[in-house]
Amino acid sequence: MTTTPPPPPPADPTATGPLTPTDHRALAFLGHVNSSLRQCLCTLARHGVALRRDTPERARLLLDTVRPWPLYKGGQFLFDLMEWEDLMVDGDPPPVMSAERIVAACTLPVQLIAAATEEAPVVTKLVPGQRTTAALDLPLRLLTTTARSTLLSAAQDLTDLLGPGAAPDDDADPDDDAGYATDPEPGTDDTGADDTGAELPPLEAGFYLYEDIALGALSVLGPLLADHAPTDPEPSA
């Protein structure tokens, strides 16, 4: 009686084939970003499930408030268009992402939105064309500030917030890191607990998934958004 020998181990994918080592490292980084996005969305959804379960009246009022807003509707369109539900429910649940990391990733966008909604300075002296100049002043300043901040910060922020450790070490062999990063990252929790140690419930796929992401975002990012809320006008005498 003869036995079939086991198949040989697969060859190193960077050793042969049309893809170069740089291709594999680029795909590894993009896969890492993809995994971080999935981790963030699933974490927000689990926070949303917890909010809907523990304080259903608050969850209902929050959703009733944001549903008519274009930002909410646009987010749902993007969610469906990019098939993020499939991304979230495919495979084992990812570890929980810390609230600090989510807030850090959203701080710059919130700051830019806050700057865009600030009122223009009051014009105190009328000169020819001043109304047109004042009307264009804020958008032009905003575009300049946004472009400068984006060009200077986007690459570094994406590397720091979405792909920590994805950059190669100086002494590393470029042929060593093929495939996608799978190890847990700093700022994640494999136990499924939030930053307070409370156990987060599993996400619920289907009808509630986008709503739970919205609720989770309002819950986790609430303090950040509140810090940029407009101040109430002073009462007139």
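Select Met88 to begin: leaving aside residues up to four places away in sequence, Met88 touches Arg38, Leu41, Cys42, Ala45, Phe79, Leu203, Leu209 and Ile213, where contact means heavy atoms within 4.5 Å. The model is predicted, so local features need pLDDT of at least 70 and side-chain atom pairs count only at pLDDT 80 or more, while totals for chains, interfaces and linings use all residues. Residues are numbered from 1 along each chain as its sequence is written, and side-chain values use heavy atoms, with hydrogens and water left out.

Next, display the largest nonpolar core. A nonpolar core is a set of buried Ala, Val, Leu, Ile, Met, Phe, Trp, Tyr and Cys residues joined through side-chain atoms within 4.5 Å; buried means under 20% relative accessible area (1.4 Å probe, protein chains only). Of its 25 residues, Leu44, Tyr72, Phe79, Met88, Ile102 and Ile213 touch the most other members. Two or more residues each come from α1 (21-54), α2 (56-66), α3, α4 (84-89), α5 (99-116) and α7 (209-227); helices here are DSSP runs (H or I, at least four residues), numbered from the N terminus. The largest share, eight residues, belongs to α7.

Now select α7. This helix has 19 residues and reaches 27 Å from its first C-alpha to its last, close to the 27 Å expected at 1.5 Å a residue; the expected span is 1.5 Å times one less than the number of residues. At Leu221, α7 bends by about 65°, and Pro223 follows within four residues. The bend is the angle between axes fitted to the seven residues ending at a residue and the seven starting there. Buried residues of α7 include Leu209, Ile213, Leu221 and Leu224, and the buried residues of this helix pack against α1, α2, α3, α4 and α5.

The axes of α2 and α7 come within 10 Å and cross at roughly 100°. That makes α2 roughly perpendicular to α7, a term for angles of 65 to 115 degrees. Ala59, Leu62, Leu63 and Val66 of α2 meet Glu211, Leu215 and Leu218 of α7.

Move to α3 (residues 70-81). Its twelve residues should span 16 Å at 1.5 Å a residue, and the end C-alpha atoms are 16 Å apart, which agrees. After α3 comes Glu83, whose phi is positive, near 55°.

Finally, select Ser36, placed in helix α1. Ser36 is buried, with a relative accessible area of 1%. Pro94 lies 58 residues from Ser36 in sequence and 9.1 Å from Ser36 in space, C-alpha to C-alpha.

How values were computed. Buried means under 20% relative accessible area, exposed over 50%, partly exposed in between (1.4 Å probe, protein chains only). Axes are lines fitted to C-alpha atoms, for helices over the stretch in contact, and angles run from 0 to 180 degrees between N-to-C directions. Angles under 35 degrees count as roughly parallel, over 145 as roughly antiparallel, 65 to 115 as roughly perpendicular and the rest as oblique.
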